[in-house]
Amino acid sequence: MKDNPRGWTGEEDAALLRATDAARKQRLPLKNAFDAVAVSLHRRPNSVRNHYYSQLKPAQDSEPAFRPFSEEETDRLLETVLLAQAKGQSVRACTLEMADGDTRGMLRYQNKYRALLKAQPDKVLSVRSKLISQGYAVPDPFVRDPGSPHVGRPPKASRELERGIRALLDTLYRNLLALTQGDAV
C-alpha cells in the first residue's frame with residue numbers, strides 16, 4: 001500500500017523499534033505494535049511484521065536476512081507443502097516443520113510458497129502434475145475445499161455487506177425504539 005519502492009527508511013525502522021519496545025514494556029502483543037506502525041506508515045500489518053522479523057529483530061545466528069531460493073529448494077518446498085496438504089496439514093504447520101520450529105525460517109518458507117501461488121501458478125501446477133504422475137493424490141492448491149473453514153480476513157464484499165446489514169439493523173432498532181416511545185418514524 002506504500003508508494004515507496006525503495007523499502008524502509010531509517011526513520012521507519014526507528015519507529016518500528018520504538019513501538020515494539022513499548023509493546024514489550026507494557027506486556028502487549030507485538031501484533032499491536034505492528035498494527036499501529038502499519039497505520040502510521042501506510043503499510044500492511046503483515047509487511048511490518050515480516051520486516052521486523054527479517055531485518056530488525058536481533059538474529060541469534062549469522063544467517064543473512066535475505067537468502068534467495070535455489071530452483072531445487074523451490075521445487076522441494078512445493079513438493080513438501082503439496083504432499084503435506086494432501087495429508088490435511090496446513091501450510092503453516094508444514095513450513096514450521098520444514099524450518100525445524102524456527103519461526104523465521106517458517107515465515108521464509110510460507111511467504112515463498114504464497115508468492116509462488118500468486119506469481120508462478122504454472123510452476124506450482126507443474127510440480128503438482130509430477131506428484132500426481134508418481135501416484136500421489138495431491139489437491140489443487142488453487143481450489144478451496146468447500147468443507148474447510150475460511151481462514152483469514154473475509155473478502156471485501158463480505159465486509160461491505162456486513163456493514164450494510166449492521167446499518168439496516170441500527171435503523172430498524174432506532175425506528176422500533178421510536179415507535180415504542182410513541183414517536184413518529
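1. Contact here means heavy atoms within 4.5 Å. Keep that in mind for Thr95, which touches Val81, Met106, Tyr109 and Gln110, leaving aside residues up to four places away in sequence. Thr95 sits in helix α5 and is buried, with a relative accessible area of 0%. (Buried means under 20% relative accessible area, exposed over 50%, and partly exposed in between, using a 1.4 Å probe and protein chains only.)

2. A word on where this comes from: this is a predicted model, where local features need pLDDT of at least 70, side-chain atom pairs count only at pLDDT 80 or more, and totals for chains, interfaces and linings use all residues. Residues are numbered from 1 along each chain as its sequence is written, and side-chain values use heavy atoms, with hydrogens and water left out.

3. How far to trust it? The pLDDT (the predictor's confidence in each residue, from 0 to 100) averages 83 over the chain, and 84% of the residues score at least 70. Go carefully with residues 1–5, where the pLDDT is below 50; beyond near neighbours in sequence, this stretch has nine contacts in the model.

4. Now the overall layout. The chain has eight helices and zero strands; both are DSSP runs numbered from the N terminus, helices being H or I with at least four residues and strands E with at least two. Of the 185 residues, 26% are buried.

5. Look next at α4 (residues 71–86) and α6 (residues 103–119): their axes come within 10 Å and cross at roughly 90 degrees. The axes are lines fitted to C-alpha atoms, for helices over the stretch in contact, and angles run from 0 to 180 degrees between N-to-C directions. So α4 and α6 are roughly perpendicular, the word for angles of 65 to 115 degrees. Among the residues making this contact are Leu77, Leu78, Val81 and Leu82 of α4, plus Tyr109 and Tyr113 of α6.

6. Several of those names come back in the largest nonpolar core, which has 19 residues; Leu77, Leu78, Val81, Leu82, Met98, Tyr109 and Tyr113 have the most contacts inside it. (A nonpolar core is a set of buried Ala, Val, Leu, Ile, Met, Phe, Trp, Tyr and Cys residues joined through side-chain atoms within 4.5 Å.) Helices α4, α5 (91–98), α6 and α7 (121–133) each supply at least two residues of this core. A second, separate core of eleven residues includes Ala23, Leu30, Val37 and Ala38.

7. Finally, find Tyr113. Not counting residues up to four places away in sequence, Tyr113 touches Leu77, Leu78, Val81, Leu82, Gln85, Val91 and Pro141.

How values were computed: Angles under 35 degrees count as roughly parallel, over 145 as roughly antiparallel, 65 to 115 as roughly perpendicular and the rest as oblique.
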